[in-house]
Protein chains: 2
Amino acid sequence: MLRWLQPRPPTTDILTAADPAFERECVALFSEFLHVLGVPKSVGAIYGLLFASPGPLCFADIVEKLGVSKGSVSQGLAFLRQSRAVKTVNSKSVDGGRREYFEPELGLRRLASGLIQEKIQPLTKETRGSLQRLREQTGAAQGAQRTFQLERIKQLETWRRQLGRVLPVMQILLKVSPSAHSARQKAMAD
Amino acid sequence: MLRWLQPRPPTTDILTAADPAFERECVALFSEFLHVLGVPKSVGAIYGLLFASPGPLCFADIVEKLGVSKGSVSQGLAFLRQSRAVKTVNSKSVDGGRREYFEPELGLRRLASGLIQEKIQPLTKETRGSLQRLREQTGAAQGAQRTFQLERIKQLETWRRQLGRVLPVMQILLKVSPSAHSARQKAMAD
DNA sequence: CCGCTAGTTCAAGAAAATTTGAACCAATGC
DNA sequence: GCATTGGTTCAAATTTTCTTGAACTAGCGG
């Protein structure tokens, strides 16, 4: 059935004989970790696999090593790409063909900002609408009730302001740490 | 069947005639918001209901107003209590009896720290084990492979350090702001 | 135009999380 | 003790979310 798992180009060059045990541990670690953050396990598994690999992997590699369906890998990679947790490597540089190769993003700052955007952004949008509706509703109330409702709406706005203040600071704090020696070509242009 | 929804003590005193529209909006807002953070919707609904209420509510009030089962309310309140998102009010002060009354915690700092502890704590525990196992695994590898794996493990440790640095700062930033001149900063658009 | 590889889409099935409700416990009052 | 209220527990039902796989699009030769 899986008629097209092309035996993965023999680039045993950079890809120094993958270590299955190391792969399994990384896959498990990221699956669980990201799952807690609300990301599907298979997505975490893909990231973990890439993290465990000394060289970039292609679509078929991932399908084979994780033993999940093409569909899942496709969707998982789409998510990871969108949230900038993986980078695509120029295909030409790895094999001559046209398939894409993937590498994990290792900068915590970029990872976090990508995930935050995926999760927080839609949330903020949703919230804005709710606040608007709340304000309109309040028009109908009167007296002590109205006072109370306005108070609560004010509270919501305070929270929003506070969150708006915190998120940017987080981004700064997560900037690649001053451990200079490990910061090789892993530049931090963001 | 629901033979025991005691008609809620007639404390129409503080509880200035609840506004169903306001309640609905708040319930919807918090359900959705907390859901994104990985908290069950019914839990968000309970918090939202309390947030919308001018006075504390008891178990039976919540069951009635939300129209969910006793079981859910019990579990939801357990979660909210544990993460310190609701406070229990001295029963005696509301009615003479022995039922508990609940109020929402409004300080963002406490809310956030509670939720973080619920989510991050188990995660850190899990992670520690994985890191340990990874390190052991690595003992078996050699040469370039070993070098690579040690590098990755170092990366994981860096991340852990960075996260450990960020979380406390977040707590501080979320400290309840004096609100005095906060009204000025209304320009938070995004 | 045909055949083949690389990858996406999406309805339907599988798995995981949440909700329910009945059984249960604990405190109070008679 | 026994009945009643306030609340918890947990297995089973339900809902939501994730995964699968077959059908499909697209690039590249020939």
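How much space lies in the second largest cavity?

A: This is a predicted model, in which local features need pLDDT of at least 70, side-chain atom pairs count only at pLDDT 80 or more, and totals for chains, interfaces and linings use all residues. Residues are numbered from 1 along each chain as its sequence is written, chains are lettered from A and ligands numbered from 1 in the order in which they are written, and side-chain values use heavy atoms, with hydrogens and water left out.

About 40 Å³ of space lies in the second largest cavity. A cavity here is a set of points, on a 1 Å grid over the protein atoms alone, where a 1.4 Å probe fits but cannot get out; the volume is the space filled by probe spheres set on the points, joined across faces, edges and corners. The count comes to three cavities of 30 Å³ or more.

The lining (residues with an atom within 4 Å of a point) takes in Ala17(A), Ala18(A), Asp19(A), Phe22(A), Glu23(A), Ala52(A) and Pro54(A), along with Gln145(B), Phe148(B) and Gln149(B). Two elements give two or more residues to this lining: helix 1 (20–36) of chain A and helix 7 of chain B. Helices are DSSP runs (H or I, at least four residues), numbered from the N terminus. Helix 7 of chain B gives the most, with three residues.

As for the contact between the chains (heavy atoms within 4.5 Å), 59 residues come from chain B and 59 residues from chain A.

Technical notes:
1 Å grid on protein atoms, 1.4 Å probe; cavity = no way out; pocket = protein on both sides within 12 Å on 5 of 7 lines; lining within 4 Å.
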